[in-house]
Amino acid sequence: YRDATNVHLKVAHCADVVCSSATAATTLDSGTSVGGATPVTVGADGRGLVGYFDNGAANLKVAHCSDVACTAATAATVDSATFVGEYASISVGIDGLGVVSYWDHASALNLKVAHCVDVACSAATTTVVDSPNNVGSFSSLAIGADGLPLVTYRDVTNNGVRVAHCPNVFCVGHLRRR
């Protein structure tokens, strides 16, 4: 969550199944104005994976917890284009790697998807999924029954909602492997 007082990204781990109490909050990123809209998932390694917008740097980051209680984490910038990463949603794909959908506010108001290169999401491959003007805000990503990313998002230009079903784990139209 975003610590509104210090504007830092923090995490608290539930002490029991019903989350009637939690451990002391751990600061995961103390940068300038970080942590807005923080989607979280549990990675293939059983540790938390948190996507978030770094408002100070204006880019998308992912923090990978160092343990189950998330007492520390390693944060990585997965898209450093200026002003990307708002309205993020995160899940883990069939390949065990994180997938993040988010809004690219800077270039053409696009919907983008980042596919992590490893379990810790130390870097990612990014793809523009939809690019007519002003689409991609308020995205929600899930992994479908076929194991591929499914993203819903807002289309401001046409005042509606769109759905993108990715043809592969990387969410690219054509995938060539060597």
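**Close-up views of a predicted model**

View 1. Residues are numbered from 1 along each chain as its sequence is written, and side-chain values use heavy atoms, with hydrogens and water left out. A pocket is here an open set of points on a 1 Å grid over the protein atoms alone, where a 1.4 Å probe fits, with protein on both sides within 12 Å along at least five of seven lines, and lining residues have an atom within 4 Å of a point; grid points are joined across faces, edges and corners, and the volume is the space filled by probe spheres set on the points. Of the 15 lining residues, His13, Val40, Val42, Gly48 and Val68 are the closest to the pocket centre. Strands β5 (40–42) and β6 (48–54) each give two or more residues to this lining, strands being DSSP runs (E, at least two residues) numbered from the N terminus.

**View 2. Three aromatic pairs are found in a search of the whole structure.** Rings of Phe, Tyr and Trp (its six-membered ring) pair if their centres lie within 6.5 Å, with planes under 30 degrees apart counted as stacked, over 60 as edge-to-face and the rest as tilted. The rings of Tyr87 and Phe138 have centres 4.2 Å apart and planes at 40°, so this pair is tilted. Because Tyr87 lies in strand β9 (residues 84–92) and Phe138 in strand β13 (residues 135–143), the pair ties together parts that are 51 residues apart in sequence. Ring pairs link Tyr87, Trp103 and Phe138 into a cluster.

**View 3. The largest nonpolar core has 13 residues.** Such a core is a set of buried Ala, Val, Leu, Ile, Met, Phe, Trp, Tyr and Cys residues joined through side-chain atoms within 4.5 Å, where buried means under 20% relative accessible area, exposed over 50% and partly exposed in between (1.4 Å probe, protein chains only). Leu60, Val62, Val100, Tyr102 and Cys121 have the most contacts inside this core, and its largest share, three residues, comes from β9.

**View 4. Ser91 has its place in strand β9.** Ser91 is buried, with a relative accessible area of 14%. Leaving aside neighbours within four places in sequence, Ser91 is in contact (heavy atoms within 4.5 Å) with Thr41, Leu97, Gly98, Val99, Leu141 and Ile143.

Methods
Predicted model: local features only at pLDDT ≥ 70, side-chain atom pairs only at ≥ 80, totals over all residues. Helix = DSSP H or I, 4+ residues; strand = E, 2+ residues; numbered from the N terminus.
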